[in-house]
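Visitor: Could you walk me through this structure? I would like to ask about its parts as we go.

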Amino acid sequence: KYTSIGRNFRRISINHPTEGVTTHPCWFNPSFGWTDKDFRKRQHLSMGNDVWIGDNVTITPNCHDIGNGAIIAAGAVVTKDIPSYEVWGGVPARFIKKRFDDETAAKLEESKWWDLDEETLKKHTDDFSNPEQFLKNINGNE
């Protein structure tokens with residue numbers, strides 16, 4: 001929910017094997033006619049809520065999880081999991097910064113605000129620029 005994905009996003013879910021004689025697909029891709037079945041295992045990607053993925057991002061099979069509130073900068077090549085509320089970028093992608101202090105990030109995670117109905121969220125639009133105020137108000141401490 002509330003995830004934004006830029007243009008030219010690529011998720012690579014499977015790699016060429018590197019332990020064999022060759023990395024050429026003739027020995028694992030049935031379309032070459034050398035084998036009947038592709039033995040490689042596709043990797044699953046779990047993506048949290050409120051994720052922003054910039055344009056031209058590639059996510060490789062070694063990345064299995066992108067946490068809630070994560071940001072991936074345009075052009076990044078993601079080769080590992082990205083924790084919640086962290087900003088990553090580059091080739092290969094690396095940690096740039098945390099979006100919030102640990103306490104605020106934990107409270108946002110716990111709030112699961114993305115599960116609130118749209119009408120409730122609309123009432124708090126003015127608070128979106130102030131996470132502390134937003135959390136206070138959605139928890140009924142207005």
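**Helix packing and its surroundings**

Guide: The buried residues of α1 pack against α3. Please bear in mind that this is a predicted model.

Visitor: Which residues of α1 are buried?

Guide: In α1, the buried residues are T104, A105, L108 and S111. They lie on the same side of α1, because the arc they cover around the axis is only 130 degrees. An α-helix has 3.6 residues a turn, so residues three or four places apart point the same way.

Visitor: And what does the face turned away from the buried side of α1 carry?

Guide: That face carries the exposed residues D102, E103 and E110.

Visitor: What happens at the start of α1, and just after it?

Guide: At the start of α1, a side-chain oxygen of D101 comes to within 3.0 Å of the backbone nitrogen of E103. Just after α1, K112 has a positive phi of about 50 degrees.

Visitor: Let us turn to the aromatics. How many aromatic pairs does the structure hold?

Guide: There are nine aromatic pairs. In one of them, W113 and F134, the ring centres are 6.3 Å apart and the planes stand at 90 degrees, so this pair is edge-to-face. The pair links distant parts of the chain: W113 sits in the loop between α1 (102-111) and α2 (118-123), whereas F134 belongs to helix α3 (residues 131-138), 21 residues apart.

Visitor: Are W113 and F134 buried or exposed?

Guide: W113 is buried at a relative accessible area of 10%, and F134 is buried too, with a relative accessibility of 5%.

Visitor: Which residues do ring pairs link into a cluster?

Guide: The cluster consists of Y2, W113, W114, F128 and F134.

Visitor: What does the side chain of N68 reach?

Guide: It reaches the backbone nitrogen of N49 at 2.6 Å. The side chain of N68 also makes a polar contact with the side chain of E109, at 2.6 Å. Leaving aside neighbours within four places in sequence, the residues in contact with N68 are G48, N49, S84, Y85, E109 and W114.

Visitor: And I66, what is its place?

Guide: I66 is in strand β6. With 1% relative accessibility, I66 counts as buried. The C-alpha atoms of I66 and S46 are 6.3 Å apart in space, while the two residues are 20 residues apart in sequence. Beyond neighbours within four places in sequence, I66 is in contact with L45, S46, M47, G48, V51, I59, I72 and I82.

Visitor: Which residues of the largest nonpolar core touch the most other members?

Guide: Of its 14 residues, I59, I66, I72 and V78 touch the most other members. A second, separate core has nine residues, including Y85, A105, L108 and W113. In soluble globular proteins, nonpolar side chains tend to be buried together.

Visitor: What is V78 in contact with?

Guide: Leaving aside neighbours within four places in sequence, V78 is in contact with V57, T58, I59, T60, C63, I72 and A93.

Visitor: Now the strands. In what order do the three strands of the open sheet lie?

Guide: The order is β2-β5-β8, with parallel pairing. β2 (10-11) and β8 (77-78) are the edge strands, each of which pairs on one side only. Strand β5 (residues 58-59) pairs with β8 over two bridges, and T58 has V77 as its bridge partner in β8.

Visitor: What about β9: which way do its residues point?

Guide: In strand β9 (residues 86-89), E86 and W88 point one way and V87 and G89 the other way, and all are buried. In a regular strand the side chains alternate between the two faces of the sheet.

Visitor: How many bridges join β9 to β7 and to β10?

Guide: β7 and β9 run parallel and are joined by two bridges, with W88 in β9 as the bridge partner of I72. Four bridges join β9 to strand β10 (residues 94-98), and these two strands run antiparallel. In β10, W88 has F95 as its bridge partner. The hairpin of β9 and β10 has four residues between the strands, and G90 there takes a positive phi near 105 degrees.

Conventions. Residues numbered from 1 in each chain as written. Predicted model: local features only at pLDDT ≥ 70, side-chain atom pairs only at ≥ 80, totals over all residues. Heavy atoms only, no water. Phe/Tyr/Trp six-rings, centres within 6.5 Å; stacked < 30°, edge-to-face > 60°. Buried < 20%, exposed > 50% of the residue type's maximum accessible area, 1.4 Å probe, protein only. Polar contact = N/O pair within 3.5 Å; in protein donor to acceptor, adjacent residues only side chain to side chain. Contact = heavy atoms within 4.5 Å. Arc of directions from axis to C-beta. Pairing = 2+ DSSP bridges. Core = buried A, V, L, I, M, F, W, Y, C linked by side-chain atoms within 4.5 Å.
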